[in-house]
Amino acid sequence: MRYYFRLQYKMLNRHISDFGLHPLIGYGISIAGFTVLSFYLFSKTEFADYVYIAIAISMILKLCENKRNGFLKNCFSSDIYYSLRFSENCIVILPFVIFLIYMQSFTPLLILLLSASLLAFINLSNQFQFTIPTPFFKRPFEFITGFRKTFYFIIIAYILAIISVSVGNFNLGIFSLMLVFLTSFSYYTEPEAEYFIWIYNLSPGRFLLNKIRTGILYSTFMCLPIIVTIGVFFFDKINIVFGFQALGYVFLTTVILAKYSAYPGKINIPQTALIALCLYLPAFLIGIIPYFYLQSIKRLKEYLE
Amino acid sequence: MIKIENLSKAYGSKQVLKNVNISFEKGKVYGIVGENGSGKTTFFKCIAGLERYSGNVSSDFDNLKNHTGFLQTEPFYFSKITGREFIQLLCSARGKQAIATDQRNIFDLPLDQYASTYSTGMKKKLALTAILMQTNECFVLDEPFNGVDIHSNIIITDIIRKLKELNKTIIISSHIFATLNDTCDEIHLLKEGVFVKKVCREEFGILEQEMKDFTIGNKIDKLMLT
C-alpha cells in the first residue's frame, strides 16, 4: 500500500512537471489557489458549506470508477483494498476538511467525512450507467462530453442563481453566471487526438471560427436560465449581466485559441500566464487574442492543409 | 489515383520509411503486409496526412485528406460520447449530414451507449461505419478485421468489395492472410520501411507459402514442445 501511494505521488509530480512547473511550486500554487477560492466562496454565500461538500464529493466520485477499482481489487487483498480506498478518499478531502474546521462548520464536516467513508465501499459501474442526455447533439464534441462530466456544476450554478434571487444577492447571481463560463472553459483544457482535427474539411481559420461559434452558442444555451432569472429579478442591473456575459464570450474565445496555440500539447505555462494577465488587465486581450489566433493557425496548418 | 514518391519518415534517428515509391489506382484494393514495426501504420498516417514526412504524396484531389476515410488500428473515443454522436462528429467534420443512421447501422451497434464502453471489435465497427457515412473516395483501413467477430468479418469483406465496385481506392493492412486473399487485387510486402515485393492475385498462394516458410522456419521446433 505504501508503494501504491508513493507511485501516486510520483504520478502527480509528473503531471505537474508536464505542465511546466516544479512540483513544489505546483503544490504552492494549488494551496494558495484553493485557499483564495475557498475564502471567496464563503464570502459570497451562506450556502458555501454545501457547495463545498458537493465539490469535494464530486472529486471523490472520480475515484469510484469501476474499472479503476476493479484493477485495485485485482492487485490487493480485500482488507488492503478497502483501507487503501478509504485513505485515498481522506487524502482528497483533506484540504476541504481543514478549511471546514477553520470555518467551524462541523455539520458539513461530518457529512463530508461520512460520505468519504461510505464511498470507499462503492463502485460506480459502467455496466448500468445510462447515457446522460445533452442538448448539444448537433455540434460534437466539447460540450457533449464536457456537459456529461460536469453537469453537476451547472446544476450548482442554477441553484446559486435561484438562491441569489431569493436572498437578493446580485453578486451571487453573477458568480453563478461565471461558474457556468468557468465550467465551459474546462471543456477546452485537454487537447483532442490529432485524428479529430484531421477529419475536418476546413481551413485552420474556418476551423477556429467553427469552434468559437459552437462555444458561444452552447455557452449561451447553458447561461440562458441564469440570465433570465437574474435579468428578471434584477432588471435595473441587466446591463451588468450582459457585460459579464460578453466578457465570458471573450474569455471563452481566448481559451479556445489558447488551446490550439499550444496544440498538440496541453495549455501550458505561457498560455496560462497570458490568460491570468488578461483576467487581471482585460485590455491585454486586444493583443493576446490575435497572438493566440496566429499561433493556432500555425499549429493547425499541419493537420488541416 | 494516389501517387507516392520518395516517401521517407524517421522518428529521431530511427528511419521507419525509406524512400517509398508506390501508386494506388481507383477501383482497386491494395493489401499492405509486413511484420509488426515494419512501418505499415506510419505509411498509412503519411498517406492520410497525419504524419509529417519527406517526399511527395499526390492525388487527383486538391487535398487528399478531405476525401480519405482513415480507419485507425485502435480508434480513439472520447469518454462520454455516444456512438451516434461519434458518427455525427465525423460526418459534420466533412460537411456531410448523418442521414438514416439507424438504417445504416448494419453492425447493430448500440448507438446510444457511450462508445468508450464498446468492446474492441465494436469500436472498430463504429469507426468503420462513420467513415463509410462520410462518403469518401479513398479508404485507408489499418487492420479492419482485427478484433471483430466472424459475422462482421464477412460483412466487412463485402463492404470492401462494394467500395471497389463503386470505383473507390482502398488500401488495407491485415495480419490475417485469408481476408487479404478475399479482397485484394495486389499485395505489397513492407519490410523495414521498404516495399520489397508486389504480388498480384494469381500469386497470392505463393506469397502466403513464402511468408509461412520465412516467418515460421524452424521456430516452432525451438520451443521444444513435448
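## The nonpolar core

A nonpolar core is a set of buried Ala, Val, Leu, Ile, Met, Phe, Trp, Tyr and Cys residues joined through C-beta atoms within 7 Å. Buried means that 20 or more other C-beta atoms, placed from the backbone, lie within 10 Å of a residue's own. The largest such core here has 121 residues, and Phe86(B), Leu90(B), Val140(B) and Ile170(B) touch the most other members. Helix H7 (residues 142–167) of chain A gives this core its largest share, 9 residues; helices are DSSP runs (H or I) of at least four residues, numbered from the N terminus.

This is a predicted model: local features need pLDDT of at least 70, side-chain atom pairs count only at pLDDT 80 or more, and totals for chains, interfaces and linings use all residues. Residues are numbered from 1 along each chain as its sequence is written, while chains are lettered from A and ligands numbered from 1 in the order in which they are written.

## Two helices in chain A

Have a look at H3 (residues 48–61) and H5 (residues 78–102) of chain A, which pack at about 155° with axes 9 Å apart. Axes are lines fitted to C-alpha atoms over the stretch in contact, and angles run from 0 to 180 degrees between N-to-C directions. H3(A) is therefore roughly antiparallel to H5(A) (angles over 145 degrees).

Tyr52(A), Ala56(A), Met59(A) and Ile60(A) of H3(A) meet Asn89(A), Val92(A), Ile93(A) and Phe96(A) of H5(A).

## Where the chains touch

Chain A puts 16 residues into the contact and chain B 23, with contact meaning C-beta atoms within 7 Å. On the side of chain A that touches chain B, the largest share, 4 residues, comes from H7(A).

How values were computed: Buried ≥ 20, exposed ≤ 12 C-beta atoms within 10 Å, placed from the backbone. Parallel < 35°, antiparallel > 145°, perpendicular 65-115°, else oblique. Contact = placed C-beta atoms within 7 Å.
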